[in-house]
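Good morning, and thank you for coming. Please look at the structure on the screen while I take you through some of its features.

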Amino acid sequence: MNAPWTVDAVLLDMDGTLLDTEKVYFDSLVAALNACGYTDGVVTLCHAMVGLPGPVCEAMLRDHYGAAFPLEAVNRAFLEHRDRMMRSGLPLKSGTLDLLDAIAAAERPMAIVTSSSRRSAERNLTLAGIRSRFETLLTLDDVAQGKPDPELYLKAAARLGVAPAACIAVEDSNHGVTAAHAAGAITLMVPDMAPPTEATRANCAAVLPDLNAVLALLQERGAL
């Protein structure tokens with residue numbers, strides 16, 4: 001059960017995994033929909049969007065509310081609310097800096113693998129003060145399909161010159177776990193907004209409470 005893992009690289013999701021942003025996005029979308037007159041079933045719908053790329057979320061909103069859905073107005077309200085919440089910076093998830101320090105000390109290549117746009121990723125990592133730690137950044141702009149499709153993880157492993165099976169992937173969402181597992185990575189989940197489904201648990205090498213536990217497990221398995 002505790003056999004060593006052969007690990008050549010670490011692939012890290014961003015929002016909800018390293019950065020405490022998912023609640024900001026969730027609260028901002030709920031507030032925007034409420035401001036535009038949508039209240040019934042909003043929380044459940046927004047929970048279903050956690051971990052999905054923006055264009056997929058927009059399509060879900062249109063499908064749910066119909067062709068007359070005022071997407072531009074909702075997007076404006078979302079951005080206003082999000083920017084107000086982010087004005088003082090972005091908090092890191094517990095254990096982020098210790099994990100990044102340990103990966104760097106072990107001289108393991110690492111990459112951000114996110115379904116956010118490059119613009120959002122650059123902004124969020126900068127606001128959180130960790131942009132300079134990453135040479136490799138894979139975003140929605142680099143692929144045809146975001147998570148849960150495995151393309152982002154496959155491309156990240158290729159960019160680092162390693163096999164996906166020799167990568168640790170750390171995710172917070174069910175959709176992210178689906179992508180990482182389908183790519184063949186050793187997948188760890190630290191749930192954020194949504195708990196893991198049974199299918200997600202089956203696709204994970206471990207489901208852990210925080211990044212401190214991720215670091216402890218990686219050290220235990222000889223990955224760092």
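This is a predicted model: local features need pLDDT of at least 70, side-chain atom pairs count only at pLDDT 80 or more; totals for chains, interfaces and linings use all residues.

Cysteine 57 is buried, at 13% relative accessible area, where buried means under 20%, exposed over 50% and partly exposed in between, with a 1.4 Å probe and protein chains only. Cysteine 204 is likewise buried, at 12%. A disulfide is a pair of cysteine sulfur atoms within 2.5 Å, and by this rule the count is 0. For cysteine 57, the nearest cysteine sulfur belongs to cysteine 46, 8.7 Å away. For cysteine 204, the nearest is that of cysteine 167, at 16 Å.

Residues are numbered from 1 along each chain as its sequence is written, and side-chain values use heavy atoms, with hydrogens and water left out.

Let us turn to threonine 17. Is this residue buried or exposed? Threonine 17 is buried, with 3% relative accessibility. Contact means heavy atoms within 4.5 Å; the residues that threonine 17 touches, not counting those up to four places away in sequence, are Lys93, Thr96, Val170, Glu171, Asp172 and Leu211. Its side chain also makes a polar contact with the side chain of aspartate 13, at 2.8 Å. A polar contact is a pair of N or O atoms within 3.5 Å; within protein, one must be able to donate a hydrogen and the other to accept it, and residues adjacent in sequence count only if both atoms are side-chain atoms.
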